[in-house]
Amino acid sequence: MKLMNKPAVLVPLLWWLIAQLAGYAAGWYTGCGGGWTELCRSRWDSALYLDIAQQGHTLFECPNLPGKWCGNAGWAPLYPLLMAVLGKTGLPLPVAGMAISQLFYLLLLLLAAKMIEVRDYSVKGLLGVCMAAFAPGSIYFQVIFPSSMVVFFLTLSFYMTTQQRYSIAGISAFFAVISYSIGFILIGVLGLWLIFEWLEKGVLPKKQVLFLLIPPAFGMGLWFLYDYLV
């Protein structure tokens, strides 16, 4: 019970709950009925993630476009994989997708509170977490998209790097790469950071190279191997 008395937990939880009300109101205003329904929370690429959760990655020649390729292999596998795992319990895939998004949305807000060192209910802490909760495009954190997941892992990777906890940063980078189709850019970003560290200190940070670059590179290779096998 002590944990629930901590502002670092209650402030993110408060903004997460407010975001739920805002999401419901937005759904009601746009005419989809509000609530946790696929009609309100599924758009565009959501259908592709649901398709991957049902049948895995596919790649085939487009029937009506000779020489062109169709399928869903261009979308990262982690999010639909988790949807498929939850679906095995009998949970409808759209609900599973929304639940995963909401979970990582809350985790992201908890991480934001940790990063800005929320220790009380001051205006600074409240507004700081609010900025994370209602950042531009944050509506995607609540729907059938992997946005909250990849932003959480990216943020955790950067934060752990600043804390010199490179093994956790690398593991987070691994999950970021397989969470979103352009997550591989993180490998280049971390590589550039290591180059600047090398130039500044005059010594190649071998430990950082090992922990920061190998896990996300392995994640990318694992994704390619999966696509090759299927």
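What follows is a chat about the labels and the cut-offs behind them.

Tutor: Ground rules: residues are numbered from 1 along each chain as its sequence is written. This is a predicted model, where local features need pLDDT of at least 70, side-chain atom pairs count only at pLDDT 80 or more, and totals for chains, interfaces and linings use all residues, while side-chain values use heavy atoms, with hydrogens and water left out.

Student: What is the secondary structure of the protein chain?

Tutor: The chain has 10 helices and 2 strands. Helices are DSSP runs of H or I with at least four residues, strands are runs of E with at least two, and both are numbered from the N terminus. In sequence order the pattern reads α-α-α-β-β-α-α-α-α-α-α-α. The C-alpha atoms fill a box of roughly 55 × 45 × 30 Å along the principal axes.

Student: Why is H1 called oblique to H6?

Tutor: Helix H1 (residues 7-30) and helix H6 (residues 123-133) pack at about 45°, with their axes 10 Å apart. Axes here are lines fitted to C-alpha atoms, for helices over the stretch in contact, and angles run from 0 to 180 degrees between N-to-C directions. Under 35 degrees is roughly parallel, over 145 roughly antiparallel, 65 to 115 roughly perpendicular, and the rest oblique. The angle of about 45° therefore makes H1 oblique to H6.

Student: What handedness does the crossing of H1 and H6 have?

Tutor: H1 passes H6 in a right-handed crossing. That label applies if the near helix is turned clockwise from the far one by less than a right angle, and left-handed if anticlockwise.

Student: Which residues of H1 and H6 meet?

Tutor: From H1 you have Val11, Pro12 and Trp15, and from H6 Gly125, Leu126, Val129, Cys130 and Ala133. They divide into 7 nonpolar, 1 polar and no charged. Nonpolar covers Ala, Val, Leu, Ile, Met, Phe, Trp, Tyr, Cys and Pro, charged covers Asp, Glu, Lys and Arg, and the others, Gly among them, are polar.

Student: Why does Cys130 count as buried?

Tutor: Cys130 has a relative accessible area of 19%. Buried means under 20%, exposed over 50%, and partly exposed in between (1.4 Å probe, protein chains only), so Cys130 is buried. Of the 230 residues of the chain, 42% count as buried.

Student: How do you know that Cys62 and Cys70 form a disulfide?

Tutor: Their sulfur atoms are 1.9 Å apart, and a disulfide is a pair of cysteine sulfur atoms within 2.5 Å. By this rule the count is 1 disulfide. The link of Cys62 and Cys70 is right-handed, with 110° about the S-S bond.

Student: Are Cys62 and Cys70 buried or partly exposed?

Tutor: Cys62 comes to 7% relative accessibility, so Cys62 is buried. Cys70 comes to 25%, so Cys70 is partly exposed.

Student: What makes the phi of Glu117 worth a look?

Tutor: Most residues other than glycine have a negative phi. Glu117 is not a glycine, yet its phi is positive, about 55°. Glu117 is in the loop between helix H5 (93-115) and H6, and its 51% relative accessibility makes Glu117 exposed. Gln164 also has a positive phi, near 60°, and is found in the loop between helix H7 (147-162) and helix H8 (166-177). With 57% relative accessible area, Gln164 counts as exposed.

Student: Is Ser42 buried or exposed?

Tutor: Ser42 is in the loop between helix H2 (38-41) and helix H3 (46-55). At 15% relative accessibility, Ser42 is buried. Leaving aside neighbours within four places in sequence, Ser42 is in contact (heavy atoms within 4.5 Å) with Leu50 and Ile144.

Student: Which residues does Leu111 contact?

Tutor: Beyond its neighbours within four places, Leu111 contacts Phe152, Thr155, Leu156 and Tyr159. Leu111 lies in helix H5 and is buried, at 8% relative accessible area.

Student: What covers the buried residues of H4?

Tutor: The cover includes H3, H5, H7 and H8. In helix H4 (residues 78-87), Leu78, Tyr79, Pro80 and Met83 are buried.
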